[in-house]
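Hello,

Here is the structure for you to look over. My notes on it follow below.

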Amino acid sequence: MSKQRKAIALISGGLDSMLAAKTIMEQGVHVEGINFFTGFCVEGHTHAIREKDKAKPKRNNSLWVAEQLGMKLHIVDVIEEYKNVLINPKHGYGAHMNPCLDCKIFMVNKAKQWIVENDFDFIITGEVIGQRPMSQRKATMPIVAKESGADDLLLRPLCAKNLPATLPEREGWVDREKLHDITGRSRKPQIAMAEQFGIDDYSQPAGGCCFLTDKSYSAKLVDLWKSQGHKEYQLDDVMLLKVGRHIRPQPNFKLIVAREEGEGRFLQGYKNEFISMISVSHRGPLVLIDGTPSAEDLYLAAQITARFGQGREAEQVDVDVTMLDGSERTLQVKPIREEDMPKAWYV
Amino acid sequence: MTIETLTARRLLCPLPVIRTQDKVKQLKVGDRLEVICTDPGVMQDIPAWCRINGHKVIEATSGNHEYTILLEVGSS
Ligand code: SF4
């Protein structure tokens with residue numbers, strides 16, 4: 001009896017990687033999933049911080065896909081290693097701060113290491129030629145295979161017929177004839193294939209799989225890098241960019257204003273690491289101050305804090321300020337007027 | 001059987017799952033792990049992760065904006 005081959009499938013939680021894994025499972029190959037957590041992944045839960053998004057499904061799509069397909073899923077924390085990909089992408093950024101091509105190379109390389117350590121035979125991705133302008137072009141397919149070191153152990157079942165045969169195909173581990181030849185941006189072939197497999201509930205995240213493809217998130221990241229004068233970051237920094245309204249009145253400080261209760265609770269967890277403000281004479285949101293504000297800056301920050309509370313039209317609002325050393329004081333301020341807050345302050 | 005506790009407060013999905021996954025790797029079949037989180041998503045994700053990997057959720061409780069899951073390590 002021939003040996004049962006084993007493949008690891010890169011699972012993003014979207015439809016394409018799900019179909020790619022399913023296509024290979026159907027051929028009798030043992031498939032397990034791998035999902036990399038970069039710190040920028042879009043997850044229902046990040047949205048779930050916000051009360052207003054409570055109706056949105058909070059499931060983790062990768063886990064859900066794995067469960068639907070009946071396969072194991074390995075979630076790998078690559079936060080630290082990913083920093084180098086994002087900070088110095090050899091192939092540059094996409095439309096926003098998304099280093100997609102370098103990211104793909106990085107992930108396939110990690111998968112290659114994984115198959116070596118775990119005695120698996122090959123790697124599957126859900127890539128489709130022409131699907132994405134930067135990372136999924138015919139010209140980039142060999143770049144990913146080569147620079148990741150996976151070479152012909154990297155099989156893309158959804159578009160394999162448009163690419164040279166890989167080792168799993170040449171060796172007969174999978175039947176090339178049963179693979180696909182999808183190209184382009186149309187989703188119709190994938191939707192038809194999903195129907196064929198009886199898959200009717202899948203996630204199609206509009207903004208792709210990560211925050212780095214999001215315009216407003218990318219703007220906040222660039223602002224963070226500019227303000228600190230370098231591109232290094234900690235996970236908390238990039239998590240906080242996902243939450244609240246970010247307002248930078250001066251280069252040396254910014255405010256993170258909770259937009260509602262859920263965000264307030266989340267920001268509460270960071271209170272010891274930032275100067276924080278909250279209006280006490282009127283209801284208002286928790287505000288964190290990031291940077292090195294002067295006493296004058298703090299006064300301005302308190303006026304802005306007051307503007308986002310129910311005292312916005314009041315003559316005077318009391319704002320409690322908690323400093324980094326835990327000391328507290330109350331500032332009595334007149335809320336800043338909307339017209340005195342230039343649009344450019346909003347990051 | 002040992003019972004261990006893992007604190008994953010403030011971590012957002014999927015970090016609590018990753019921390020659980022890594023901790024379970026160090027435990028033996030039949031051991032129990034209590035995971036304390038603040039992201040409500042864990043109420044779905046940790047049970048899903050357990051189902052996929054053959055572990056058993058003994059109890060999932062919530063209160064005061066905290067979510068606690070007690071699981072038993074399976075043989076997978
Ligand atoms: S969208 Fe994000 S996770 Fe996906 S390839 Fe691009 S950088 Fe990587």
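**Backbone notes**

Asp119(A) sits in the loop between helix H5 (100-118) and strand E4 (122-124) of chain A. Helices (H or I, at least four residues) and strands (E, at least two) are DSSP runs, numbered from the N terminus. Asp119(A) is not a glycine, yet has a positive phi of about 55°. Its relative accessibility is 53%, so Asp119(A) counts as exposed (buried means under 20% relative accessible area, exposed over 50%, partly exposed in between; 1.4 Å probe, protein chains only).

Before going on, the ground rules. This is a predicted model: local features need pLDDT of at least 70, side-chain atom pairs count only at pLDDT 80 or more, and totals for chains, interfaces and linings use all residues. Residues are numbered from 1 along each chain as its sequence is written, chains are lettered from A and ligands numbered from 1 in the order in which they are written, and side-chain values use heavy atoms, with hydrogens and water left out.

Chain B has a positive phi too: Arg10(B), also not a glycine, is near 75°. Arg10(B) lies in the loop between E1 and H1 of chain B. Arg10(B) is partly exposed, at 30% relative accessible area. Pro14(B) is found in the loop between strand E1 (3-8) and helix H1 (15-25) of chain B. The peptide bond from Cys13(B) to Pro14(B) is cis, with omega near 0°. For background, most residues other than glycine have a negative phi, and most peptide bonds are trans.

**Interface of chains A and B**

Chain A puts 27 residues into the contact and chain B 21 residues (heavy atoms within 4.5 Å). About 2000 Å² is buried between them, 63% of it from carbon and sulfur atoms. That area is the accessible area (1.4 Å probe) that two parts lose on being put together, summed over both.

There are four salt bridges between chain A and chain B (a side-chain nitrogen of Lys or Arg within 4 Å of a carboxyl oxygen of Asp or Glu). Arg51(B) and Glu67(A) form a salt bridge at 2.4 Å, N to O.

**Cysteines**

Cys159(A) is buried, at 0% relative accessible area. The sulfur of Cys50(B) is 11 Å from the closest cysteine sulfur, in Cys37(B), which is too far for a bond. Cys50(B) is buried as well, at 1% relative accessibility.

Best wishes

Definitions and conventions: A disulfide is a pair of cysteine sulfur atoms within 2.5 Å.
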